Amino acid sequence: MNDCDAMLDRMAAVASGSDSWSASDAAHLLGCIDCRASWRVISHGASLGSAVEVDAERIADVVVQRLRAAAPVTRPIRRLPWRGAIGAAVAIAASVALIFSVPHVPTRRAVGGTDSAATMAILPELQRLDDRDLQSVKDAMGAAASDATPGTLPHLGDLTEGELEQLLHSEGGQ
């Protein structure tokens, strides 16, 4: 690195006041036209903002006033009166379709012969319906999703050990 490169590297620090020129640096500036021109540009650039004062409190007040004036007006969302009924109907239809499309897997019953909590928790809103009411809901829905399933689906208990291994290592089982 020559003297000009070293001078150019230090010019910003000297212009900001964090460094100063030595006697040999000052002599180099007097003798080198390129360094003198660079120093003139950097020193004038460093002094450009020195006469400007920023009133941060006044700027903050103006910004806050503009933000308050431009605050968005909040309007309540208009609710559709039938929205809840359609959502409930879709949920019940999906629940019934799920009940009739999932193959039955025999579960062990607790001592006393009651249904397991998992079976009862699937569709709590349908627990109070008797068989006749469930059948009428099923008939109202039309064809169950299981009717569109190609072929019958095997139960896990019906699979061989090799098929279980294949299922375990398949893409969906990982």
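The model is a predicted one, so local features are taken up at pLDDT of at least 70 and side-chain atom pairs at pLDDT 80 or more, while totals for chains, interfaces and linings use all residues. Residues are numbered from 1 along each chain as its sequence is written, and side-chain values rest on heavy atoms, with hydrogens and water left out.

Start with the overall picture. The chain holds eight helices and zero strands, with helices (H or I, at least four residues) and strands (E, at least two) being DSSP runs numbered from the N terminus. Read along the sequence, that gives the pattern α-α-α-α-α-α-α-α. Of the 174 residues, 8% count as buried, where buried is under 20% relative accessible area, exposed is over 50%, and partly exposed lies in between (1.4 Å probe, protein chains only). The accessible surface of the chain comes to about 14400 Å², and 59% of this belongs to carbon and sulfur atoms; such areas come from the Shrake-Rupley method with a 1.4 Å probe, and for residues only the protein chains shown count as cover. As for contacts (heavy atoms within 4.5 Å), take those in the chain with a separation of 6 or more: residues 24 or more positions apart account for 56% of them.

Helix H1 covers residues 3-16. Which residues of H1 are buried? They are Met7, Met11 and Val14. An α-helix has 3.6 residues a turn, so residues three or four places apart point the same way. The buried residues of H1 pack against helix H2 (23-31) and helix H3 (33-47). After H1 comes Gly17, with a positive phi near 95°.

Leu8 is partly exposed, at a relative accessible area of 43%. Setting aside residues up to four places away in sequence, Leu8 touches Ser38 and Ile42. The C-alpha atoms of Leu8 and Arg36 are separated by 10.0 Å, although the two residues sit 28 residues apart along the chain. Further along H1, Ala13 is also partly exposed, with 26% relative accessible area. Beyond its neighbours within four places in sequence, Ala13 is in contact with Ser18 and Asp19.

Side chains of opposite charge can pair when their charged atoms come close. The count of salt bridges is two, each being a side-chain nitrogen of Lys or Arg within 4 Å of a carboxyl oxygen of Asp or Glu. In one, the side chains of Asp19 and Arg10 meet at 3.1 Å, N to O. Asp19 is partly exposed, with a relative accessible area of 33%, and Arg10 counts as partly exposed too, at 25%. Asp25 also forms a salt bridge with Arg10, with the closest N and O atoms 2.5 Å apart. That pair links distant parts of the chain, with Asp25 in helix H2 and Arg10 in helix H1, 15 residues apart. Asp25 counts as buried because its relative accessibility is 12%. Through shared partners, salt bridges join Arg10, Asp19 and Asp25 into one network.

Helix H4 (residues 56-69) is the place of Leu67. The 14 residues of H4 should span 20 Å at 1.5 Å a residue, which agrees with the 20 Å between its end C-alpha atoms. Leu67 itself is exposed, at a relative accessible area of 60%. Together with Val52, Val54, Ile59 and Val63, Leu67 makes a nonpolar surface patch of about 490 Å². Patches are made of residues with over 30% relative accessible area and no salt bridge, joining like charges within 9 Å and nonpolar side chains (Val, Leu, Ile, Met, Phe, Trp, Tyr) within 5 Å.

How values were computed:
Expected span 1.5 Å × (residues − 1).
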